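Q: Could you walk me through some local features of this structure? Please keep the answers brief.

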Amino acid sequence: MSYYDQDTIEEVRRANDIVDVIKEYVPLKKSGSNYFGLCPFHGEKTPSFSVSPSRQMYHCFGCGASGTVYQFMENYLHMSFPEAVEALADRAGITLKKQELTSEQKRKNDRRKTLLAIQKDAAVYFYSLLHSPRGEKCLEYFRNRGLSDETMTKFGLGYSDSYSNDLYEYLKKKGYSDDILRDSGLVTFSEQYGMQDKFWDRAMFPVMDQYSKVIAFGGRLMGDGKPKYLNSPETEIFHKSYNLYGLNLARRTRRNYFILCEGYMDVIALHQAGFDCAVASLGTSLTPGQVDIIARITKNVYLSYDSDGAGVNAILRAIPMFKAKGITMRVIHMDPYKDPDEFIKALGADEYQKRIDEAENFFIFEIRQLQKQYDMSDPAERTRFETETARKLIEFHIELERDNYTDTVCREFNIPVDAMRSLVRRLAAEEMNRPIRINTRPAENSDAPVARKDDPDEMRLLSWISDRPDLFQTMADYLKPEDFDEGILRDIAAQMYGQIEKNGIVNPAVIIDSFDEVEDQNRASWIFHENVRSLQETPKEDKGKAFIMTLSRVVRKAYDRRIGTLDATDTKRFELIREEKESLDKIAKLRIADA
């Protein structure tokens, strides 16, 4: 939680012009109303890093990095938010007065510090054991896996002893209580055995946050047995859905892409081979939260999952999540080897780079997997395959992009291009006319994952209004802040409405800095720049139409959420359906000039 109140945060931000601050680290040249330079967050030869004095924000058109002066200090100098406030206050000669924390806030803050200290002490202990006589077996295991001493140190690898309470006794001597140790995820309790270590006789992999603070561990058996991998449970400082293994190192890469793989050893092997942009999800399928993290750092991802059926399915699940964030994906084929670790050992870094260079576009990969479900020698089966392909093509909303993919798919799979375009147009028209109803009540005992709240249309609409506040009244005629998804989007909408109604403009920097958590600040920052990509990809003559279509989709979803909460017999349901139709009819008749 932030140590400083919003007035203090805003005072410090106003005293530190973002252009002046960034110029201290990145050479900038004025071009029009903005300043441009080489992006400090990814390697590039042509300047795509823009700094706006009027908005007090930066944005990279290459990798998507964006934020206020605070996010620059956090991401470039690897500071926490309070540290960034203090550094900028010192730069401006402002004496800070820390916000008086409540007793509950202080308790939570102290508890978080203690949990982080426990993880750090455990990491140091595991590392020391690895390099002691007791860790010889584990050290030999790592060396047999091809890891150098430098790599082991870089990733902080360690060893948990064969005694089941070894770490517990060590941490107790450090003064930690049983209660806090149980909550750390490193110690378990049972009536039969009392306090025991979570990990013992395993090769240990510390999991670090983006600031290189240890927040959890993964442990691997060195021989036979189950489970082969054991991971820390979720704790107050570790949420696996919002962390990536290797992110603390990969976020500093000079490459303009990430390589996403499955396991700890894959990441380590790739980094050792010189691919310092590799990351992996943490003992779970890729999550929307992890995609959000990647989207804020790069717009290009190479998927290097295992080449077995499970790996293929994982890629197919990942594609729509990345696509929703505007991320370009390519699939690295590693046949005949199973994973990057195995491939690197067998063929080396140069061959892996060739596979990167030859990686397959995600959509062609997806269609190739789809084709395997049909007997292409049967005309009926072939027609069904081509129809499903057309349905996937209409998911590309930008006409030029859709046409490009149509041409490529038809050429790759020997489909008549004119016939495919005709089919796509017909299916798209049917889709536009199909009424959509969202069931907000999950089925009982359903194992389906809860959909992410960050709706891309809502993000795009808010971004558009931040760039064109003159369109605000058009949006406000049909939407209120509470019509946006609950969470960060609704919070941003409420602040934007308040700012425009009061001052007639949007101040993105104030909204971004109003959030306490770094994750929320980064997500808000990304939202304010989504319009850049959308507007760039939209032909000039289609901009007004694109705004109206986006507004229409958001309004439709807002009504659908409200309608979905009502019983089929509720008269208010029919009222809302009528209102929805009237609103959508009015929006369809709007004319937006030069949107």
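Q: Where is Asn165 placed?
A: In this predicted model, Asn165 sits in the loop between β6 (158-160) and α8 (166-173); helices (H or I, at least four residues) and strands (E, at least two) are DSSP runs, numbered from the N terminus. Residues are numbered from 1 along each chain as its sequence is written.

Q: What may be counted, given that the model is predicted?
A: Local features need pLDDT of at least 70 and side-chain atom pairs count only at pLDDT 80 or more, whereas totals for chains, interfaces and linings use all residues; side-chain values use heavy atoms, with hydrogens and water left out.

Q: Which residues does Asn165 touch?
A: Not counting residues up to four places away in sequence, Asn165 touches Met195 and Asp197, where contact means heavy atoms within 4.5 Å. The C-alpha atoms of Asn165 and Phe199 are separated by 9.2 Å, and these residues are 34 apart along the chain.

Q: How accessible is Asn165?
A: Asn165 has a relative accessible area of 31%, so it is partly exposed. Buried means under 20% relative accessible area, exposed over 50%, and partly exposed in between (1.4 Å probe, protein chains only).

Q: Which residue has a positive phi of about 55 degrees although it is not a glycine?
A: Asp201 does. It lies in the loop between β8 (194-197) and β9 (202-208) and is partly exposed at 23% relative accessible area. Asn414 also has a positive phi, near 55 degrees; Asn414 belongs to the loop between α18 (399-413) and α19 (417-433) and, at 63% relative accessibility, counts as exposed.

Q: Which residues does the cis peptide bond with omega of about -5 degrees join?
A: That bond joins Lys226 and Pro227, with Pro227 in the loop between β10 (214-220) and β11 (229-231). The peptide bond from Asp335 to Pro336 is cis as well, with omega near 10 degrees, and Pro336 lies in the loop between β15 (328-331) and α14 (340-347).

Q: Changing topic: how many aromatic pairs does a search of the whole structure find?
A: The search finds 27. Rings of Phe, Tyr and Trp (its six-membered ring) pair if their centres lie within 6.5 Å; planes under 30 degrees apart count as stacked, over 60 as edge-to-face and the rest as tilted. One of the pairs is Phe275 with Tyr352, whose centres are 5.1 Å apart and whose planes are at 65 degrees, so it is edge-to-face.

Q: Which parts of the chain does that pair link?
A: It links distant parts, 77 residues apart: Phe275 is in the loop between α11 (264-272) and β13 (278-280), and Tyr352 is in helix α15 (residues 349-357). Phe275 is buried at 3% relative accessible area, and Tyr352 is buried at 0%.

Q: Which residues form one aromatic cluster?
A: The cluster is formed by Tyr141, Phe142, Phe155, Phe205, Tyr229, Tyr245 and Tyr264.

Q: And how do α26 and α27 pack?
A: Helix α26 (residues 543-564) and helix α27 (residues 571-588) pack at about 175 degrees, with their axes 10 Å apart. Axes are lines fitted to C-alpha atoms, for helices over the stretch in contact, and angles run from 0 to 180 degrees between N-to-C directions. The two helices are therefore roughly antiparallel, a label for angles over 145 degrees.

Conventions. Parallel < 35°, antiparallel > 145°, perpendicular 65-115°, else oblique.
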